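Good morning. Please look at the slide while I talk through a sheet, a core and some salt bridges.

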Amino acid sequence: MNQLGQPIKSRGVWKGPEIDWKEEGLHILSAEELGEIDRALQHLLSLGEVDFPQITVETFPLDGVGKLMASLPDRLRNGRGFLMLRGLPREKYSDDDMTRIYFGLGAYIGKPMVQSYLGDILGHVVDVSDLEPKSRGYRKGGGQLMHTDSCDIIGLMCLRTAIAGGESRISSALAIHNHLAEHRPDLLAVLREGLYLKRTDEDGRRATKTYSSERVPFFHEDDGEITCYLPTGYARLAEKSGQRPFTPLESEALLTVRKIAASPEFFLDMGFKDGDIQFLNNRIMVHGRTDYQDEKELSKRRHLLRLWLSVSSWPDMPESQVFHTPEDHRLWAQYRKPFAELPSVHDRNLLEPNAEKRMVD
């Protein structure tokens, strides 16, 4: 039975004001679980210098927490679509060790994916636009439009919160579909057919292409499975470039879906605390962030760590919705440098090339 265009009923359909995320999507780590995580970290550190691709279920051994992590794909696919882990003692661990813990937990959920031309398998969501002029949107400050990423599950660990603002904002893409089906079926039809997408120029130069060759559907159904892919940022880049002209109805559809996702009727704000880890089902959720006030010093700025995970037990993404292909990931991966995702290495690589400029300033 075709569900697209009809009211979809599932636990993944919700509106932010109608649910209590702390009741439905918050797991506070117990003392026993924290002890298990700490022992896994100590085991990993005992192995010497272990690069991120070698952080696996074998090198980061967990028992109960491992089972919890391994259950997330099913929970996120059949439940509300989100989960927040809370309770890691942020003051106990360095930035680098927090990152190792995070990557170790992710190993039980899925396979990490390359995220950009940097070759990063763990992205740093921090404003470095003053140090890295060609930064992608997740490496710039301010608010971020509601969107989905190119993965199955997205994880975000909070190393440091902002001075003010910077809330994690999420919405149900399935609820957005239902609203369009009821109120603007003409725009839903446009989004089902799809829009052209454009990568940032730097990502495109190091991948197979900059533009999608065909329209990429925002909503797709295959064998009864609904897959939502709302890459609003990529669609805006394509529209603004003029190289893939949008019709007036396509422009209206893009603007409308962005407005609905960011509407108080739909969104849910999840306040990050230092050490929190958020996991989202990227196939039924959209996410963004509110504007924020940040510190000037890099080591004190709002800083999240992002994982893109693919889940082998899930059906493959519909081919028409795959913008970043395996070949794109392979090409980007060539630029990765060992240990580059460690916060200490990440910050040093940004600051050292600018040392002379800072002295002049």
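Gln144 stands opposite Arg289, a residue of strand 13. Keep in mind that this is a predicted model. In general, strands of a sheet pair through backbone hydrogen bonds.

Now the core. Which residues touch the most other members of the largest nonpolar core? They are Phe82, Leu180, Phe218 and Phe219, out of 57 residues. Helix 6 (residues 173–183) supplies the largest share, 6 residues. Another core, of 44 residues, lies apart from that one and includes Val50 and Ile109.

Last, the salt bridges. There are 26 in the whole structure. In one of them, the side chains of Arg301 and Asp130 meet at 2.9 Å, N to O. Arg301 sits in the loop between strands 14 and 15, and Asp130 in the loop between strands 4 and 5, so the pair ties together parts 171 residues apart in sequence. Is Arg301 buried or exposed? Its relative accessibility is 8%, so Arg301 counts as buried.

Arg169 forms a salt bridge with Asp269, with the closest N and O atoms 2.8 Å apart. This takes us back to the sheet: Arg169 is in strand 8 and Asp269 in strand 11, 100 residues apart. Asp269 is partly exposed, at 28% relative accessible area.

Terms used. Residues are numbered from 1 along each chain as its sequence is written. This is a predicted model: local features need pLDDT of at least 70, side-chain atom pairs count only at pLDDT 80 or more; totals for chains, interfaces and linings use all residues. Side-chain values use heavy atoms; hydrogens and water are left out. Two strands pair if DSSP finds at least two bridges between them. Helices (H or I, at least four residues) and strands (E, at least two) are DSSP runs, numbered from the N terminus. A nonpolar core is a set of buried Ala, Val, Leu, Ile, Met, Phe, Trp, Tyr and Cys residues joined through side-chain atoms within 4.5 Å. Buried means under 20% relative accessible area, exposed over 50%, partly exposed in between (1.4 Å probe, protein chains only). A salt bridge is a side-chain nitrogen of Lys or Arg within 4 Å of a carboxyl oxygen of Asp or Glu.
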